[in-house]
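Okay, thanks for coming, everyone. Let me put today's protein up on the screen and walk you through it.

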Amino acid sequence: MKKILLCCSAGMSASLLVTKMKKEAENQGIDVEINAVALELFEENVTKYDVFLLGPQVKFKKNDFQKVADQYGKKVEVINMMDYGTMNGAKVLAFALNLIK
């Protein structure tokens with residue numbers, strides 16, 4: 001099972017996107033775990049997930065988070081602003097899955 005974690009300022013704005021991504025994964029028959037947390041919880045989750053997506057509003061954290069994720073061979077990327085704004089679960093899911101080795 002692939003595991004995707006979304007990080008945003010408080011973990012709230014990404015929750016709706018997580019719901020849409022889960023529905024899309026279910027529709028496609030993809031076995032995936034997707035969750036959202038606040039930025040402060042990134043480091044305690046870095047070993048538990050395969051890839052980390054940041055909300056566009058917190059893209060300033062990408063370099064800091066990537067340094068930590070590099071220690072585990074994992075990627076941190078920023079969600080496309082348009083996909084985030086329109087809550088495009090299908091596109092964000094595809095983006096995340098393409099990042100996982």
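So, what percentage of the 101 residues of the protein count as buried? It's 44%, where buried means under 20% relative accessible area with a 1.4 Å probe, protein chains only. Bear in mind that this is a predicted model: local features need pLDDT of at least 70, side-chain atom pairs count only at pLDDT 80 or more, and totals for chains, interfaces and linings use all residues. Numbering starts from 1 along each chain as its sequence is written, and side-chain values use heavy atoms, with hydrogens and water left out.

On to the fold. We have five helices and four strands, and from the N terminus they go β-α-β-α-β-α-β-α-α. Those are DSSP runs: H or I over at least four residues for helices, E over at least two for strands.

Now the contacts, meaning heavy atoms within 4.5 Å. Take those between residues at least 6 apart in sequence: 70% of them join residues at least 24 apart.

For charges, I get 14 positive and 12 negative side chains, with Lys and Arg as positive, Asp and Glu as negative, and His and the chain ends not counted. The centres of the two sets lie 3 Å apart, placing each charge at NZ of Lys, CZ of Arg, CG of Asp or CD of Glu.

Last, C8. UniProt, in an unreviewed entry, lists C8 as a modified residue, Phosphocysteine; such annotations may be inferred rather than shown by experiment. C8 sits in strand β1, residues 2–8, and is buried, at 1% relative accessible area. Leaving out residues up to four places away in sequence, C8 touches several others, including S13, V37, Q57 and Y84.

Note on methods. Buried means under 20% relative accessible area, exposed over 50%, partly exposed in between (1.4 Å probe, protein chains only).
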